[in-house]
Amino acid sequence: MSRPDLLAGKSHAVFDAYGTLFDVHAAVARHAGELGPRAKALSEVWRTKQLEYSWVHGLMGRYVGFWDLTERALDFALALHPEIDRTCREKLLDAYRDLDAYDEVPGLLERLRGRGVRTALFSNGNAAMLERAVASAGLDSRLDAVLSVDAVKTFKTAPEAYRMVLNRLGTAPDAVLFFSSNRWDIAGATAFGFDAVWVNRKEQPDEYPDQPPRAVVKGLEDVI
């Protein structure tokens with residue numbers, strides 16, 4: 001049985017950045033040989049704390065740019081793993097500025113634009129982070145807009161963050177198809193009113209049954 005066309009009636013495809021378009025573990029993977037056997041554990045803690053810090057600061061109403069939180073999260077991860085040489089810190093941060101896009105991303109963005117669907121990136125990342133990541137991955141010509149929560153000084157899943165997307169794109173919720181690999185982000189987007197597609201790369205169990213996605217895909221190559 002074929003799946004309904006997810007893009008029917010949609011004028012905009014909006015993508016989360018980190019974990020969805022960009023591989024958040026690519027920075028550590030690039031230096032895994034130098035970091036040693038605990039490299040994967042370091043990467044997992046770095047990502048977990050990066051997100052935790054954004055949620056905590058959002059709930060406190062004390063916005064801090066995502067790059068600062070990324071640095072703090074790495075410092076925590078390195079402190080938790082003292083067996084890893086701290087002189088790798090700057091190399092890891094440089095690598096995070098230029099994360100790899102997943103292989104299927106450029107082709108998908110081209111196909112979407114070929115169908116007349118406008119493409120946008122929407123992220124907790126601050127503007128400078130996103131500009132560099134998009135440029136280094138060669139995606140700048142494939143995206144119609146790059147949107148940062150910097151504009152509203154709060155993080156997803158605050159409704160104000162998703163509302164900013166509509167304001168910036170000049171569209172309505174039912175015209176947007178939103179993509180994220182983060183289930184919490186899918187829950188927030190769905191609660192706001194977007195049709196959302198969960199890019200469940202790691203085949204994780206569902207955590208938010210009260211806010212179901214429109215669809216679940218294993219990778220972005222499964223979209224169209």
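## Basis

Residues are numbered from 1 along each chain as its sequence is written, and side-chain values use heavy atoms, with hydrogens and water left out. In this predicted model, local features need pLDDT of at least 70 and side-chain atom pairs count only at pLDDT 80 or more, while totals for chains, interfaces and linings use all residues.

## Largest pocket

The largest pocket holds about 740 Å³ of space. A pocket is an open set of points on a 1 Å grid over the protein atoms alone, where a 1.4 Å probe fits, with protein on both sides within 12 Å along at least five of seven lines. Its volume is the space filled by probe spheres set on the points.

The lining counts 24 residues, each with an atom within 4 Å of a point. Arg 47, Ser 181, Asn 182, Lys 202 and Gln 204 lie nearest the centre. Helix 3 (39-60), helix 9 (183-192) and strand 5 (195-199) each give two or more residues. Helix 3 has the largest share, 6 residues. By class, 9 lining residues are nonpolar, 7 polar and 8 charged.

## Helix 9

Gly 193 follows helix 9, with a positive phi near 130°.

## Ala 29

Ala 29 lies in helix 1 (residues 26-30). Ala 29 counts as exposed (over 50%) because its relative accessibility is 52%.

Note on methods. Helices (H or I, at least four residues) and strands (E, at least two) are DSSP runs, numbered from the N terminus. Ala, Val, Leu, Ile, Met, Phe, Trp, Tyr, Cys and Pro count as nonpolar, Asp, Glu, Lys and Arg as charged, and the others, Gly among them, as polar. Buried means under 20% relative accessible area, exposed over 50%, partly exposed in between (1.4 Å probe, protein chains only).
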